[in-house]
Amino acid sequence: MPFDVILAGALGASILLFALAGGADFGAGLWALLARRGERATEQQQLIEQSIGPLWEANELWVVVSAVILWSAFAPAFAAYGTALFIPFVLAIGGILLRGAFLAFRIEAQEEAPAAYRFFGEIFGSMSIITPFFLGTAAGAIASGRLRLNENEVPVDGYFQPWLGPFPIIVGLLGVGTCAYLSAIYLTIDASDNEPLQEDFRIRGIIAGIALGILGVAAIPITRADAPHMWEGLAPGLPASILMIVAAVFLGSLAGPALPPALLARPSRRHRPGRGGVLRVGRGTVPLPARTRHNHPGRGLAPAGARRHVHPHHRLRRRPRPIPLVTLQAF
Amino acid sequence: LENLFAARAVFGMSLSFHIMFAALGVVMPFFLLLSQGLYLRRKNPVYLALNKKWTTAFAITYAIGAVSGVVLTFGLGLFWPRFMDFAGPMIGVPLSIEVMFFLLEAIFLGIYLFGRDLLSPWLHWASAIPLLIGGFASMIVVILANSWMNTPVGFEVNEAGEVVNVDVFAAMFSPSWYAEASHMSVAAFEAVGFAFAAVYASGMLRGRRDQYHRNGLFLGMMVATLAAPLMIFSGDHTARQLAANEPAKLAAIEPLFETQEGAPLSIGGWPDMEAEEMRYDIEIPTLLSVLSLDEPNAPIQGLNEFPEDERPDPRAVWWAYDAMTGIGFFLATLIPVFWLFYWRYRGVPTNRLLLAALTLSGFLGFLAILLGWIVTEEGRQPWIAQGVMRIDEGFTLAPGIGIAFIGFALLYVFLSSTLIWLLKRIATGAPPEEEVEEAQEQEESEGAYAL
C-alpha cells in the first residue's frame, strides 16, 4: 500500500477518534448547559464532571494528532484549509480553549468558589456547542469540494462563502447532534449506579437520536443540491448504499423497536418487560416506568427507508432480550 | 504588512500565554513527587497538605496548558500556512513525537488526580513519574522544532523551490538544539521554583508563620537552588552557540554595529540607529569576545556584516536581553542570601525585605522566560527560518487577523484573570492549619486501619 494512503488512513482514524472520544466530551458540555431545572439538575452536572473530568485532556489529543499529520504529511492541504477556513477554525479553537479551561476551573470551583460554579458551567457548555459546529462546517466545506484557491493562494470565493453554505451548516449541526447523542449514551452507561439519573440520560439519548435522524434525512436533499461533488460520490454507489442499509438494519435491530417513536406511543399500551431499546442496559429486572419509552437508533445519515426494514421485524418479536453491555458499548 | 504584524502579535501572545503553563506543567510534577515522597517517608502531614493543594493547582494549570497548546497546533496552520507548507516535513516530526508524550501526560494526569484513594500510596506517587517524563520530553521536542527555525538544516531546496532530500534526524537535532533545550529546561525549573517560593513568601509577608508556609517556601527554594548554578553554565553555553551559529542575533542583542576584534560587552544604554552606535551604555572591554570565543582579541561579527534588509532590529531585542540577564543575576544572588539567612536564623527566615524579594522573584522568573523567547524570536528577524524563508513569506493571507488578535487578546485576559482569581481562592480557600489537621486525621485513621 502506498505510504500516502496509509497516512491518509491514519488521518481519517484520528479524526474519527476525535469525533467519537472528543465528541462525547463536547456533547457532555451541551447536556451540562441544558441541565438547568429539575430536581436532578445538580446531579446531572456532577455526573458529567465525574465522567469526563479524568479523560477529556486525553481525548483532546486526537485533534492534535490530526493537525500534526495534516501539516507534516499534507502540508499544502493544511495551508489551503488554514487560509480558506480561517474563520471557522479560529472560532473552533477559541471554543476548545475556553471550554477546556472552564471545565477545569469549574471542577475546582465547586469546592473553592461555589458562586462562580454556575457561571463557569455556562461558558463550558456554550463553548462545547460552538466548537463541534464550526469544526463541522469546516469539514462540510472541505468535503463538498468547494474550496478553491487562485494562483496566489487566495480563496476564490472569499473567506465566508465556502463554509456558510447550506451543506457546511447542516454538517455543523450534524456534528453538534452527534456529540449530543454520543454523550447521552456514554453518560447513560456511566450513570449505571443511579437509576433516575440513568433514565434522564436515556431520554436525552432518544431525543438526540431523533433530532439526528431528522437532520440526517434533511441532509440528503441538501447534499444533492449544495454538494453535488459529494452526491456523485454517494449516489451511484450501490455497494455503499447496501452497506449503509445493512448497517442501519443491524444497528436498528440492536436498538430494539424503532417505530413508532416515543412521541407516538400511547399511554394505554401495556408495558412489556425487556422491550426498551438501546439504553436499557444494565437495568436487569427493574420495572420500567408506566409509559414504555421507545427508542430511536439515531442513525445519522442512514436512508430513511431503512427503518421500514426494522419495524415489522421487531413487531413480530415477542420477547426481545435486553442488550448486553458489551454490545451497547460497541454500538 | 499590517496583517503580518497582527499575525505575529496574535501568535506571540498565544505562545507567551502557553509557555508559562508549559513551564508549570513541566516542573509541577517534580514538586508533586517531592512533596508526596517527603510525606510518605517522613509522615509529616504538612507535606500531604502541600501536595494536595499543588495537585489542585496543577489540574487547572495543566488543563490551560493543554488547551492553549491545541490553539498553537492549529494556529501554526492558521497564521503561518505558507511557512508550514514549507517546513512541515522537517518540524512535523518532533511535533508528532510531542503528541505521544502529551498522551502519556494526559493519561497519567487522570490517574494521578483521581487515583489518590484508589491506588496504594507509593503507586500513586509513582504515577506522577510519567507526568514528569511526559512534560519534560514534550518541552524538549517542541524546542527541537523551534531550534530548527533558528538553524535550519537537514533538507535541500530544488530549483522549483520545493523541499527535497529531507533528513529527519538532522532537522530534528539542528546545531542550536542543545543550547536552547538545556537553557529552557533550567529556566523552567528556576522560574517555577521561585514561583512556588513566592507564593509562600507572600503568605508569610501577610503574617503567616506556620509550618505549612515554611515548608512550602523551603521546597521552592530547594528547587531554585538546584537550577540557578546550572543556569550560569547554560547561559554561557547559549552565548557561545549564538556566536557560532547565529551571529546576527548575537550582534543584535548586544548590540554590536560593527565587526570588532576584542568586542566589548555593553550593558544598558540606547541603540542609536542613525549613528549606528550605542549611547549611554556601560562597556566592559573585550568581555564579549572572551565570553563568546574565549579569546580577548577574537573578532565578533557586527550588524554591518549582514545586508541591510536581513538585519534584526537591535531595538527589538537588546532591552529584552539585558533585562533577562539582569533578572538572572538578581535571582542568582538571591539564593546565597536566602541560605545565609537560613543558616543565621536556623530556619526559614522571616526578614520582610527578603520575603518581599522572594515574592518579586516569582514574577521575575516567568518574566525572564518571556524575555528570553523575545530575544530568540525577534533576534531571528526578518527570517521565520533563518536564511531560508522570510517572515513575510510565511504568514496567512486571510483578512481580519486584526480582529482575531483583539478577540484572542480579550480571551487571554479573561482567562488569566479568572485563573488568577481562582488560584488565589484556592491558595487562601482553607486556612493551612485546617488542611494540616485534616491530613493528620486522615493519616491517623489510615494508621488505625493498618493496625
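User: A cavity is a set of points on a 1 Å grid over the protein atoms alone where a 1.4 Å probe fits but cannot get out. How many of 30 Å³ or more are there?
Analyst: Two cavities come out of that count. Mind that this is a predicted model, where local features need pLDDT of at least 70 and side-chain atom pairs 80 or more, while totals for chains, interfaces and linings use all residues. Residues are numbered from 1 along each chain as written, chains are lettered from A and ligands numbered from 1 in written order, and side-chain values use heavy atoms, without hydrogens or water.

User: What's the volume of the largest one?
Analyst: About 50 Å³, taken as the space filled by probe spheres set on points joined across faces, edges and corners.

User: Which residues line the largest cavity?
Analyst: Among them are Glu246(B), Lys249(B), Glu310(B), Arg380(B) and Trp383(B) (lining means an atom within 4 Å of a point). By class, that lining has four nonpolar, three polar and four charged residues. Helix α9 (residues 247-253) of chain B gives the largest share, three residues.

User: OK, and the second largest cavity, how much space is in there?
Analyst: About 30 Å³. Its lining includes Val10(B), Phe11(B), Leu72(B), Phe79(B) and Phe408(B). Both α1 (2-42) and α2 (45-79) of chain B give two or more residues to that lining.

Note on methods
On a 1 Å grid over the protein atoms alone, a cavity is a set of points where a 1.4 Å probe fits but cannot get out, and a pocket is an open set with protein on both sides within 12 Å along at least five of seven lines; lining residues have an atom within 4 Å of a point. Helices (H or I, at least four residues) and strands (E, at least two) are DSSP runs, numbered from the N terminus. Ala, Val, Leu, Ile, Met, Phe, Trp, Tyr, Cys and Pro count as nonpolar, Asp, Glu, Lys and Arg as charged, and the others, Gly among them, as polar.
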